[in-house]
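Subject: Structure handover

Hello,

Please find the structure below. My notes on it come after.

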Protein chains: 2
Amino acid sequence: MKSTMTFKTTEGGVCAAKGFTAAGIHCGIRKNRTKYDLAMIVSDRKASAAAVYTTNKVKGAPIAVTKENIADGYARAVICNSGNANTCNADGFEKARMMCDIAADALGISTNDIVVASTGVIGQTLPIEPIAEYAKALAEKLSADGSADANLAIMTTDTRQKTISIEFELDGKICHMGGIAKGSGMIHPNMATMLGFITTDANVAPAALQSALSKCITDTFNMVSVDGDTSTNDMVCILANGAAENTLIEDEDEVFTQALFTVCRHISRELAKDGEGASRLIECTVKGAATENDARIAAKGVVSSSLFKAAVFGADANWGRVLCAIGYSGAEFDPLKVDVDMASCKGSFAVCRAGYGVDFSEEDAKIILSEDEIFINLDFHQGDAEATAFGCDLTYDYVKINGDYRT
Amino acid sequence: MKSTMTFKTTEGGVCAAKGFTAAGIHCGIRKNRTKYDLAMIVSDRKASAAAVYTTNKVKGAPIAVTKENIADGYARAVICNSGNANTCNADGFEKARMMCDIAADALGISTNDIVVASTGVIGQTLPIEPIAEYAKALAEKLSADGSADANLAIMTTDTRQKTISIEFELDGKICHMGGIAKGSGMIHPNMATMLGFITTDANVAPAALQSALSKCITDTFNMVSVDGDTSTNDMVCILANGAAENTLIEDEDEVFTQALFTVCRHISRELAKDGEGASRLIECTVKGAATENDARIAAKGVVSSSLFKAAVFGADANWGRVLCAIGYSGAEFDPLKVDVDMASCKGSFAVCRAGYGVDFSEEDAKIILSEDEIFINLDFHQGDAEATAFGCDLTYDYVKINGDYRT
């Protein structure tokens, strides 16, 4: 899908939506006492809940427990720790359920209304004691100003928070939606997880919420490439508590879906931008593809290519690697029809027409490709399908020999 | 397939086989005058020829021309330049054919008996003048001691030569086989090609040669993972000139196939070991898989995982990333049946049994994983299929923050 509407941005992250509070705390799963490692996001009333999960065959225990808990379509709170993924442990399910019990007890709500998530090392037993000890203190910290603390608590090697909140209108009622996320730079051994939590005060039925989320994911979170490692714990979850009092959305609603797409897209770009030491965002759009699937896998192929990522770091217009990447991506296309352009806020230039190189000014190319956000635009001239993927460059430490190879 | 025979190694590389000579020279495609950039390998008589090529949808012009030239099953010489891939250029086919004409002229043989290959930048016009100017001098340099020079001439960012030669016996005749290769470290923007040239004096019919090569490739070259970028110019070519005078092999011959497998396997391991600054080879074997395909994609998944490669660099037994990698590899398996062991020449240790972690000595693990060649052994307990993949670690420059994350 594509963005067709723009929305006013607001403050507050996951607490921008009425009825939501959040908090973060250091409970002791991490040794570094200055780093928060436990987060809560809570709705003051029951909320419709929907989520999408990792496609990895090996799944973290919290994923299974969250699935069980929101199977009825509703939830009220999120508890999430960083520092330990609670995955591939014999007692993983038990610990994930204990986290729910502890959160439910601290909040005075049902354990089946808890969304649970963990991020960090795989295969080390999760210590439950720090969570048990600090859950009450965390619940007491919950506030409408707590989104940033919650975001800090779910971060691992992220260098910055990923958050957005926006306003939109449904049948005359002002609604809000906000999100926080953590995730995965270019290579992030400190965790193996992308987590996104989104809240809204719009009134949306569970099935409609799930359907909107699933629709938005395809062209946002699923189009982010970091280091190619799909985590065991990836999860994006949305809670919709209806505090805005709009008429219940039971089918697809264009405004709501566009609002959700805006939040998902912003967070996805932020995830790509925060690659380990990444200096540039790479946004690759393939248009004119025969099918959307071809457009998607080709665009992802470009932003996933180590060779091309290294070239972008060096601000080197090495378009041959773009053709190489789409060539092995699995996308169907005719190499002798492909056009490629490169662009940034400083301008754009053609590098390839109908599969062969065209002359361009290396000097101008360097200026254009030295910006923070680089756009690679391909046209397959085979149909009407289009897709965009988000990635980042490989930085100097990784590619100091390789980044600027044509000179 | 698996190695079931061992062979005596010899000296001479591609000139170990009777009737073959080779040479390398600096012709000027590269600016660095101390680096050879043009190679020839020549048989003194017609040779059966077989080759396998990249599966990239975008293919270099030399690939198409080589295909044409060996369509009759025979060839006599290889010409290969480094510094320019002659790919995605409007005049690519013309230039590749000109290279063949020039080589044929210098050698006094037919242009249809030339195997042509190029490696280097994609999308820059190949200057034909340096090749035309130096072809005769190169032909004059051809000698039985020229394998190393030819190997140097096809290298790009390789840090060392990849070569082997062995001896074997077919119906009482001593035969020889040798190979040289260049290729792709972890990330090698200076080229986008793995090239392998193999020679033998065994007498083998073209169809049997192609069949043996195709069989050997699957579990050797196709199981090497470097940076995940499949090149537009990858090629492995074998010439068999029959100088050993064994009875013509027209069907599958076990000894010949095993000899070829040995050469392919050695070169594949060498390619993996020579990753950009790589400090360790990672060899991952998956056994007990339901199908060979499952074993192959799981093993490749492990050696391709940036997260796991970073852990190996840090000599960190982070087995959770092994499970994560096989989980997204696409292989079919039951996560709750998987066993994982890690090993080197210093010993081995279990890290995972039936999908869950087992205790091991971190101290011993560190010692074992600090060696040059690391073996990751998985058992899926689902069947009898087995496969091995070859890769390398990510080095300090790339992962200085991430290599040792659990401490």
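This is a predicted model: local features need pLDDT of at least 70, side-chain atom pairs count only at pLDDT 80 or more; totals for chains, interfaces and linings use all residues.

Residues are numbered from 1 along each chain as its sequence is written, and chains are lettered from A and ligands numbered from 1 in the order in which they are written.

Domains. Chain A is divided into domain 1 (8-273) and domain 2 (281-399), with bounds from an automatic or database domain assignment. Taken over C-alpha atoms, the centres of the two domains of chain A are 33 Å apart. Their contact takes 10 residues from domain 1 and 13 residues from domain 2; two residues are in contact if their C-beta atoms, placed from the backbone, lie within 7 Å.

Helices. Helices (H or I, at least four residues) and strands (E, at least two) are DSSP runs, numbered from the N terminus. In chain A, helix H2 (residues 92-107) packs on helix H3 (residues 129-141) at an angle of about 35°, with their axes 9 Å apart. Axes are lines fitted to C-alpha atoms, for helices over the stretch in contact, and angles run from 0 to 180 degrees between N-to-C directions. H2(A) contributes A:Met99, A:Ile102, A:Ala103, A:Ala106 and A:Leu107 to the contact, and H3(A) contributes A:Ile131, A:Ala132, A:Ala135, A:Lys136 and A:Ala139.

In chain B, helix H6 (residues 254-273) has 20 residues. Of these, 17 are buried, so H6(B) is largely enclosed by the rest of the structure. A residue is buried if 20 or more other C-beta atoms lie within 10 Å of its own, exposed if 12 or fewer, and partly exposed in between.

Single residues. A:Ser165 is in strand S6 (residues 162-170) of chain A and counts as buried because it has 26 C-beta neighbours inside 10 Å. Leaving aside neighbours within four places in sequence, its contacts include A:Thr9, A:Gly13 and A:His176.

A:His381 is not a glycine, yet has a positive phi of about 50°. A:His381 sits in the loop between strands S14 (373-379) and S15 (385-392) of chain A. B:Asp171, also not a glycine, has a positive phi of about 30° and is partly exposed, with 13 C-beta neighbours inside 10 Å.

Regards

Note on methods: The expected span of a helix is 1.5 Å times one less than its number of residues.
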